[in-house]
Amino acid sequence: MRVSTSQIFDNGTLNIQRNQGSLFKLQNQLSTGRRILAPEDDPIGAAEALKVNQSMSVNSQFMDNQANAGSQLALVEDHLGGVSNLIMDVQERVVQAGNGSLTDQDRATLATEIRQRYEELLGHANSADGSGQYLFAGYRGSTQPFGVTGVPGNRTATYYGDEGVRQLQVENGRQMAVSQPGSDIFMRVRQGNGTFMTGAAAANTGSGVISTGSVVTGYDNNAYTLTFTSPTTYTLSVNGVPEAPPVTYNYSDGGTINIGNGTIVAPNTGTNQIAFSISGTPATGDTFTVNPSTNQDLFKTLDQLIKTLESPSTGPTPDATQAARRNQLTAISDGLDRALDNVLKVRTDIGARRLELDSLTNVGQDVDLQFKGDLSRLQDLDYAKAISDMSKQQMTLQASQLSFKQTSQLSLFNML
């Protein structure tokens, strides 16, 4: 076979370029630490690495969402913690206000403090996050959730948010609530003991004080009215209708009164039985009521406290005035108890969500390490082998260069 001079040069150049390309690839692998620089280096490995990178990116986004959710929940919990402390402080003032030795001026001083606590409560309810989104407005994050009209002692709070709960996806198939509508926390607070509420008529002239009461075996949701026919006897009406035939019951100061299925019963007998007590000396015509619990907003409860503390002592007798105030304070105290229960329930739920986020984040970090291990297995370079290959390739390149040099000098003119 005849080999031309041009073929000798072309083949020599091609061999040198091929060896230089292989050496350059090894140098790039050593400088980057990666075995796969392009899909053609390992098509199957490159495809697997792409899948792992995608899964790793999704996992990283979930972890970012978890951190974001944790931050938002922590902010909500901080403000609810402030509300809890506020309620407990006000409860102490309610107990203090029940002291019969306080003067109207003393109670007015307490009322001034409660006015400030009212504004503090409104501040918590209208709090916003770092981006200006209101925490307790539901989906309407740009709308201030609570507004108040009227004057202290006769104010009305209105909720302008909605019932939406903002959520973030923190894992495959798992969305977590990161907000709580203010209507659940501040507006829908059950009164009384949460099942029924007791009360005394504002027109009472005696010194009778009714307790909060409790459920013994159940409550039939009827409205009951006890009307005193004398300081020692009373009658019972159910939903505004007197018992038939009329029954007169004897009253015992501080004694427990049990009602079940529409009448006064012996303790712990039958179903739907509730219990409460009346202490003091009711006057003839005084009435006391038991009604199903209704909702009342926390702002109204604080406003009622302000009104009670600022009301002057103008009753027919000091005992009657004190009894009326104690009945009012008992109802307010019950409302504060239920409000605190409501806030603590939400805080407990938020705490559980934060614990779940911690668990998800720990799992996400472990998964991230696993993904990094998989990528290392697929992409990382074996340095010992690469250095050995590079030395061999350098030697091959040098050999091809020397061979080309010698071959390129083969010419008939060199023999003449």
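Trainee: What makes the set of 47 residues a nonpolar core?

Mentor: A nonpolar core is a set of buried residues such as Leu, Phe and Ala joined through side-chain atoms within 4.5 Å. In this predicted model, the largest such set has 47 residues, and F186, L298 and F299 touch the most other members. Elements giving two or more residues to this core include helix 2 (43-97), helix 3 (104-125), helix 5 and helix 6 (318-379). Strand 2 (154-159) and strand 3 (167-171) are also on that list, along with helix 4 (182-187). Apart from it lies another core, of 19 residues, with I210, I259, F276 and F288 among them.

Trainee: Which residues is L298 in contact with, away from its neighbours in sequence?

Mentor: Leaving aside neighbours within four places, L298 is in contact with V83, I87, L121, F186, V189, L336 and A339. In general, nonpolar side chains tend to be buried together in soluble globular proteins.

Trainee: Which residues of helix 5 are called buried?

Mentor: Buried means under 20% relative accessible area, and in helix 5 that holds for L298, F299, T301, L302, D303, L305, I306, T308 and L309. Across the chain, buried residues make up 41% of the 416 residues.

Trainee: Why is N154 called exposed?

Mentor: Exposed means over 50%. N154 has 52% relative accessibility, so it counts as exposed. N154 is found in strand 2, and, not counting residues up to four places away, it touches T149 and D303. The C-alpha atoms of N154 and Q304 are separated by 7.8 Å, though these two are 150 residues apart along the chain.

Trainee: How do you know that strand 6 and strand 16 pair?

Mentor: Pairing takes at least two bridges. Five bridges join strand 6 (residues 196-200) to strand 16 (residues 287-292), so they pair, and they run antiparallel. In strand 16, F288 is the bridge partner of A200.

Trainee: Why is N221 called exposed, and what is its phi?

Mentor: N221 has a relative accessible area of 52%, so it clears the 50% cut-off. Its phi is near 65°, a positive value in a residue other than glycine. N221 is found in the loop between strand 8 (214-215) and strand 9.

Trainee: Why is N268 called exposed?

Mentor: At 61% relative accessibility, N268 is over 50%, so it counts as exposed. N268 has a positive phi of about 60° although it is not a glycine, and it lies in the loop between strand 14 (263-264) and strand 15 (273-279).

Notes:
Residues are numbered from 1 along each chain as its sequence is written. This is a predicted model: local features need pLDDT of at least 70, side-chain atom pairs count only at pLDDT 80 or more; totals for chains, interfaces and linings use all residues. Side-chain values use heavy atoms; hydrogens and water are left out. Helices (H or I, at least four residues) and strands (E, at least two) are DSSP runs, numbered from the N terminus. Buried means under 20% relative accessible area, exposed over 50%, partly exposed in between (1.4 Å probe, protein chains only). Contact means heavy atoms within 4.5 Å.
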